[in-house]
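Please keep the sequence and the structure in view while reading the points below.

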Amino acid sequence: MQHPDQSQRLDKWLWCARFMKSRNLAHKLLGSGRLRLSGKVVTKGHQLVRPGDVLTFPQGPLLRVVRVLDLAERRGPAPVARTLYEDLEPVENQMKRRDPVEFPARPARRAAGDGRPTKEQRRATDRLMGRR
């Protein structure tokens, strides 16, 4: 546990807390402007995070809201990473509330060796996927 007056780069903290697979992906998320730090949009990876800050960001189809409890000294195993934050909006609650229709359908798969789809088959697939 570190002192509350210390801080850490946000991209490094996201990586250490195992929200992102790499610091580069964390940096890209921050650069996209889709992460909020205590209600303010963050666009730089070098933004500092401190214990007590609240982060809001998309992760796949879910919206994650977490409170920073501690800073990371290094990237460790997942059980240790879970001690760095408190999930204010647990994923389980979001999954219960979500309408199954909201999740995108899996793309249509063709059997191996069937060749390219005909124009009629492609248009039918597009209609099924809601692209036309």
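A salt bridge is a side-chain nitrogen of Lys or Arg within 4 Å of a carboxyl oxygen of Asp or Glu. By this criterion, the structure holds five salt bridges. The model is predicted, so local features need pLDDT of at least 70 and side-chain atom pairs count only at pLDDT 80 or more, whereas totals for chains, interfaces and linings use all residues. Residues are numbered from 1 along each chain as its sequence is written, and side-chain values use heavy atoms, with hydrogens and water left out.

**Overall architecture**

- The protein chain contains five helices and seven strands; helices (H or I, at least four residues) and strands (E, at least two) are DSSP runs, numbered from the N terminus.
- Read from the N terminus, the order of these elements is β-α-α-β-β-β-β-β-α-β-α-α.
- The protein chain has 132 residues, of which 27% count as buried; buried means under 20% relative accessible area, exposed over 50%, and partly exposed in between, with a 1.4 Å probe and protein chains only.
- Among contacts in the protein chain with a separation of 6 or more, 43% are between residues 24 or more positions apart; contact means heavy atoms within 4.5 Å.

**The largest nonpolar core**

- A nonpolar core is a set of buried Ala, Val, Leu, Ile, Met, Phe, Trp, Tyr and Cys residues joined through side-chain atoms within 4.5 Å.
- The largest such core has 22 residues, and those with the most contacts inside it are Leu10, Trp13, Leu14, Phe19, Leu35, Leu55 and Phe57.
- At least two residues of this core come from each of H1, H2, strand S2 (35-37), S5 and S6.
- H1 supplies the largest share of this core, four residues.
- Leaving out residues up to four places away in sequence, Leu10 touches Leu30, Leu35, Val42, Gly45, Gln47, Val49 and Leu55.

**Salt bridges around Asp11**

- Arg9, Asp11 and Arg23 are linked in a network of salt bridges.
- In the pair of Arg9 and Asp11, the closest N and O atoms are 3.0 Å apart.
- In the pair of Arg23 and Asp11, the closest N and O atoms are 3.7 Å apart.
- Arg23 lies in helix H2 (residues 23-31) and Asp11 in helix H1 (residues 10-16), so this pair ties together parts that are twelve residues apart in sequence.
- Asp11 counts as buried, at 3% relative accessibility, while Arg9 is partly exposed at 34% and Arg23 is partly exposed at 33%.

**Arg67 and its partner**

- Glu86 and Arg67 form a salt bridge through their side chains, at 3.3 Å from N to O.
- This pair links distant parts of the chain, with Glu86 in strand S7 (residues 85-87) and Arg67 in strand S6 (residues 62-68), 19 residues apart.
- Both ends are partly exposed, Glu86 with a relative accessible area of 35% and Arg67 with 31%.
- Beyond its neighbours within four places in sequence, Arg67 is in contact with Gly52, Asp53, Val54, Leu84, Tyr85, Glu86 and Leu88.
- Arg67 and Ser38 are 29 residues apart along the chain, and their C-alpha atoms are separated by 9.1 Å.

**Asp53, a buried charge**

- Asp53 lies in the loop between strand S4 (48-49) and strand S5 (54-59).
- Asp53 is buried yet has no salt bridge, and the nearest side chain of opposite charge, Arg50, is 5.3 Å away; Lys and Arg count as positive and Asp and Glu as negative, while His and the chain ends are not counted.
- The side chain of Asp53 does reach the backbone nitrogen of Arg50, at 2.9 Å.
- Not counting residues up to four places away in sequence, Asp53 touches Leu37, Ser38, Leu48, Val66, Arg67 and Val68.

**Cys16 in helix H1**

- Cys16 lies in helix H1 and counts as buried, at 1% relative accessibility.
- With neighbours within four places in sequence set aside, Cys16 is in contact with Gln8, Ala72, Arg74, Arg75, Ala81 and Leu84.
- Cys16 and Arg82 are 66 residues apart in sequence and 9.9 Å apart in space, C-alpha to C-alpha.

Technical notes
A polar contact is a pair of N or O atoms within 3.5 Å; within protein, one must be able to donate a hydrogen and the other to accept it, and residues adjacent in sequence count only if both atoms are side-chain atoms.
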